[in-house]
Each structure stands twice: as C-alpha cells, then as structure tokens.
Amino acid sequence: MSHVRRRRRHASACLTLAALCWAGVATGGQHRLPRLTTEQWQGDIRFLAAQIAEHHRDPYHAISKAEFDQRVGTLTRRVPDADEEEIVVGLQSLAAAIGDGHTYLAASERYRRYPLQLFWYGTELRVVGATAAARAALGKRIVAWNGLPVVEVDERLQALVPQGESAWYRRDASADLFTQVEPLAAFGIVPRSGEATLTLAHDDGTHFHLTIAPDSGQTWIDAAERMPLHRSHADDPFWFTSLPDGKTVYVNFRSFHQLERNAARLLAFIRSRHVDKLVIDLRHNGGGNYTEGRKHLLYPLQFMAVNP
C-alpha cells in the first residue's frame, strides 16, 4: 500500500500498487517484493503517473508535463534491465518530481539501514548517533561515501526529495536517505550488498576510513555527552520548558497530534510566568493542518502579545 498525497484541502489518493504490496515476506526487517512481470511493473508506473495527473491539485507546478511524461517513459523503458529496488526508487523519484512534500511514495520502511543517525550542521554532515558496530563514527564529519564526496552524494539523493519545499526540509530528508541502502545502490553509490566505506574527519581535520554494513540493531549510542534540547523528548509531539534565564520558553513542536490540548497547556504555562521570549522549534515537524495551527497556537499567541 502506497500513498500519494495531494496538497492541503484535498483528500489523499490511496494507491494500491502491486510493486509495494505489503503481503510480501518480511526478512531481516525488510519486506520482500512479490515477483512481478515487466508488464506489471510498467503498469504500476503508468498507474502512479495517471493518479498524480488526475488527483493532484496542480501536478505540473514544479515540473512541466512534457518533462514528467519523459521521465515516466524513461523509467518504463528501463524496467526489463532494472532490478526491483531500482524500479521502486524510480517510482519514488517520479512522485518527488511533483515538488511538494504531500506527494510521495512511502517506501523507506522496506529498505535496509546503515547503523547511523545523521544530521546536517550547515554544510557539514555529522554522525549524531550509531549502534555499537559504528561507534567509531560518532560525532565525526562525513567527508565521502564510498569515495564520492558528500556533496555529490547529496546531489544524487535530491532526486528523491521534493524540491518545492524549504532548504531545511531537503537537508533533513537527505540526511535520512544517506542511511538507506537501496536508494544509494540505485544511484550507484554503494554496491547492492550494502557494504560501504566512509571517509570521516576528526575535528582536527585528519581523516580515517570506516567500513560499515547494513545493521538491523536498534540500540543507539548518542554522540552528545549532553543531549541537545531539540533532540530530547523525541517521542513527545509537543514539548516545552522554561530556559535557565527564566524569561524564555522553548517549544519543540514535532506534531499536530492533539494540538488543541497541547497548545492550551502551553498558553497556561506562559500565563503563569513572566515570559519575554518564545522559541518554537519546528525542525522535526513533518507538517500538518496549518489551519489548526493558526486556530489553536498562532492566533492565541498573537492575542496574548497584543493584550498581555
């Protein structure tokens, strides 16, 4: 089951693609695809393109119809010589070409993962978490991936990221894609086995190499001796606290889930204190109903500012 989501105010179109049938066998945390014929794969590609054209509010706002149709044709012709994962990644790239974060093909959960958690600090890609197998990479800057400079790898992976979104959205998405084996293999960055050699840099600028392989382990070691504020309470959709100065409130707004209740808690917290500044951190927010955000958070905060 795959989801192609249209822009706000329009219901999502739910696409049942044989290519992503979750009835497949799960092996080592990865869902295996059923065996499909060339004609079935090509039918899936045409179906995805047709659904986007029919249901998206403005499908060609970021890419022309002619260019999109050309990409559909190119992927369709590649099917006989491509493996399953290359086709799935190709389907992802078609959805991403539409240019908005509400139009995507959700396939990342079926991919093998490297034992790394990554984060972009400006132009530096750093390892902020790892399993024991990759402990040596913790805190280090990634210089190259299998000999390719990080900037080049990022450029290739951006084909799977909607380009109509913010720079931060694109960086956050690419950091996650760096840890997914099958997209990297589809772009020729790593072999299909998944084994890769990273070139890492210490803070003094010296480099070293580390060979890693896909790892299903879920026990993570954090690079930071002290957990950064924005990464604490990772399972809380809406978390806030008063900073040490006593006059600043920090809000980590991860999700719109139960926003009305959570925003009411925040407003009550602010009213109970002498607050000069409010910091709302949205870096981990994947989006939601902005009308709810205005109604329950933005407008009440504006009213408080005008009528303290």
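**A walk through the predicted model**

H230 is buried, because its relative accessible area is 8%, and the cut-off for buried is under 20%. The model that shows this is a predicted one. H230 sits in a loop, between strand β11 (221-222) and strand β12 (238-242). What surrounds H230 once its neighbours within four places in sequence are left aside? The contacts are F119, Y250, N252, R254, D281, R283 and H284. One of them, H284, also makes a polar contact with H230. The side chains of the two histidines are joined at 2.9 Å.

Step back to the whole chain for a moment. The protein chain has 308 residues, and buried residues make up 43% of them. Eight helices and 14 strands are present. Take the contacts between residues at least 6 apart in sequence: 62% of these join residues at least 24 apart.

Now turn to the aromatic rings. A pair of aromatic rings is described by the distance of the centres and the angle of the planes. How many aromatic pairs does the structure hold? There are 11. Look at F238 and F253. Their ring centres are 5.3 Å apart and their planes lie at 65°, so this pair is edge-to-face; the cut-off for that label is over 60 degrees. The pair links distant parts of the chain. F238 belongs to strand β12, while F253 belongs to strand β13 (residues 248-253), 15 residues apart.

The next pair to find is W239 with Y250. These rings are also edge-to-face, with 6.2 Å from centre to centre and 65° between the planes. This pair, too, links distant parts of the chain: W239 is in strand β12 and Y250 is in strand β13, 11 residues apart. Both residues are buried.

Together with F240, F253, F256 and F269, F238 forms one aromatic cluster. Elsewhere, a ring meets a charge. The charged end of R171 sits over the ring of W120, 3.9 Å from the ring's centre.

A263 is part of helix α7 (residues 259-271). Its relative accessibility is 0%, so A263 counts as buried. Follow the chain from A263 to G293: the two are 30 residues apart along the chain, with C-alpha atoms separated by 9.0 Å.

Finish with two helices. Helix α2 covers residues 65-78, and helix α3 covers residues 84-97. Their axes are 11 Å apart, and the helices pack at an angle of about 175°. How do α2 and α3 run relative to each other, parallel or antiparallel? Angles over 145 degrees count as roughly antiparallel, and therefore α2 and α3 are roughly antiparallel to each other. Which residues meet where they pack? From α2 come F68, R71, V72, L75 and R78. From α3 come E86, I87, G90, L91, L94 and A97.

Definitions and conventions
Residues are numbered from 1 along each chain as its sequence is written. This is a predicted model: local features need pLDDT of at least 70, side-chain atom pairs count only at pLDDT 80 or more; totals for chains, interfaces and linings use all residues. Side-chain values use heavy atoms; hydrogens and water are left out. Helices (H or I, at least four residues) and strands (E, at least two) are DSSP runs, numbered from the N terminus. Buried means under 20% relative accessible area, exposed over 50%, partly exposed in between (1.4 Å probe, protein chains only). A polar contact is a pair of N or O atoms within 3.5 Å; within protein, one must be able to donate a hydrogen and the other to accept it, and residues adjacent in sequence count only if both atoms are side-chain atoms. Contact means heavy atoms within 4.5 Å. Rings of Phe, Tyr and Trp (its six-membered ring) pair if their centres lie within 6.5 Å; planes under 30 degrees apart count as stacked, over 60 as edge-to-face and the rest as tilted. A charge sits over a ring if NZ of Lys or CZ of Arg is within 6 Å of the ring centre and within 35 degrees of the ring normal. Axes are lines fitted to C-alpha atoms, for helices over the stretch in contact, and angles run from 0 to 180 degrees between N-to-C directions. Angles under 35 degrees count as roughly parallel, over 145 as roughly antiparallel, 65 to 115 as roughly perpendicular and the rest as oblique.
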